[in-house]
Amino acid sequence: KCICLSLKEVIRMNRDSSMLATDSSLPVFQTMKSSDFTGGIKTYTCSAGTKWSDICITHHDSETVYINRRGEPPVAFSYRSMGLVNSRKDTPSMAFMTLLKFLDSSDGSVKVPAKSSTEYDFIVQRKKELLACFEKVFPTIKDGSPIIYDRKTFCYRVTFLIKQPPVLIK
């Protein structure tokens, strides 16, 4: 949505250089508030009782995933709308790239290196970033963690469903 406003009589300048919307303009700004966004992060609305096993995430491209609940149409989420941006380069963050790694694996897992390796801290940090992201994107799901550690295989594994995108054969 885009609104073009003439600021005359809509916003008042205070003595401290801050701006204040006039009473007559408040309804315009209030209608522009979106319940789908919290702090710039898009949320996926689920009904009460939704579990991680009901959620399916599909890798679409290097910047987008599709999220849906069983039986519902998929919704596109970019790395930006999930808050997974490398702000220095304005590209997908390493956490988003790790999410794509989970989605591209056949069983939804990513190997956890030995604690003594330099990669161990990297994967642990990316998991923490993804968990923080999922808390914001899926605020209504209270069904444990979407990423668990599998002690048998020494992997992090997702508890949501992964759908591989269709492969087009030419």
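Tutor: A term to settle first is burial: buried means under 20% relative accessible area, exposed over 50%, and partly exposed in between, with a 1.4 Å probe and protein chains only. Cys133, at 4% relative accessibility, therefore counts as buried.

Student: What kind of model is this, and how are the residues numbered?
Tutor: This is a predicted model, in which local features need pLDDT of at least 70 and side-chain atom pairs count only at pLDDT 80 or more, while totals for chains, interfaces and linings use all residues. Residues are numbered from 1 along each chain as its sequence is written, and side-chain values use heavy atoms, with hydrogens and water left out.

Student: How many helices and strands does the protein chain have?
Tutor: The protein chain has three helices and 13 strands. Helices (H or I, at least four residues) and strands (E, at least two) are DSSP runs, numbered from the N terminus. Of the 170 residues in the protein chain, 33% are buried.

Student: Back to cysteines. How many disulfides are there?
Tutor: The count is zero disulfides, a disulfide being a pair of cysteine sulfur atoms within 2.5 Å. Cys46 is at 9% relative accessibility and so counts as buried.

Student: Cys133 is in helix 3, I think. Which residues of helix 3 are buried?
Tutor: They are Tyr120, Ile123, Val124, Arg126, Leu130, Cys133, Phe134 and Val137. Helix 3 has 20 residues and reaches 30 Å from its first C-alpha to its last, close to the 28 Å expected at 1.5 Å a residue. That expected span is 1.5 Å times one less than the number of residues.

Student: And the largest nonpolar core, how many residues has it?
Tutor: It has 33 residues, and those with the most contacts inside it are Ile55, Val65, Met82, Phe134 and Phe138. At least two residues of this core come from each of strand 5 (55-61), strand 6 (64-69), helix 2 (94-104), helix 3 (118-137) and strand 12. Helix 3 supplies the largest share, seven residues. A nonpolar core here is a set of buried Ala, Val, Leu, Ile, Met, Phe, Trp, Tyr and Cys residues joined through side-chain atoms within 4.5 Å. In soluble globular proteins, nonpolar side chains tend to be buried together.

Student: What is Val65 in contact with, neighbours within four places aside?
Tutor: Its partners include Ile57, Val75, Phe77, Met82, Phe96, Leu99, Leu100 and Leu103. Contact means heavy atoms within 4.5 Å.

Student: Changing topic: how many aromatic pairs are there?
Tutor: There are nine aromatic pairs. The rings of Trp52 and Phe138 have centres 5.0 Å apart and planes at 75°, so this pair is edge-to-face. Trp52 is in the loop between strand 4 (41-42) and strand 5, and Phe138 is in the loop between helix 3 and strand 11 (147-150), 86 residues apart. Both Trp52 and Phe138 are buried.

Student: What are the cut-offs for such pairs?
Tutor: Rings of Phe, Tyr and Trp (its six-membered ring) pair if their centres lie within 6.5 Å; planes under 30 degrees apart count as stacked, over 60 as edge-to-face and the rest as tilted.

Student: Which residues form the aromatic cluster?
Tutor: Tyr44, Trp52, Phe77, Phe134, Phe138 and Phe160 form one aromatic cluster.

Student: On to Thr159. Where does it lie?
Tutor: Thr159 lies in the loop between strand 12 (155-158) and strand 13 (161-162). At 26% relative accessibility, Thr159 counts as partly exposed. A polar atom of its side chain lies 3.0 Å from the backbone oxygen of Ser145. Such a polar contact is a pair of N or O atoms within 3.5 Å; within protein, one must be able to donate a hydrogen and the other to accept it, and residues adjacent in sequence count only if both atoms are side-chain atoms.

Student: What separates the C-alpha atoms of Thr159 and Ser53?
Tutor: They are separated by 6.1 Å, although Thr159 and Ser53 are 106 residues apart along the chain.

Student: Lastly, is Tyr156 buried or exposed?
Tutor: Tyr156, which lies in strand 12, counts as buried at 8% relative accessibility. Tyr156 and Val110 are 46 residues apart in sequence and 5.3 Å apart in space, C-alpha to C-alpha.
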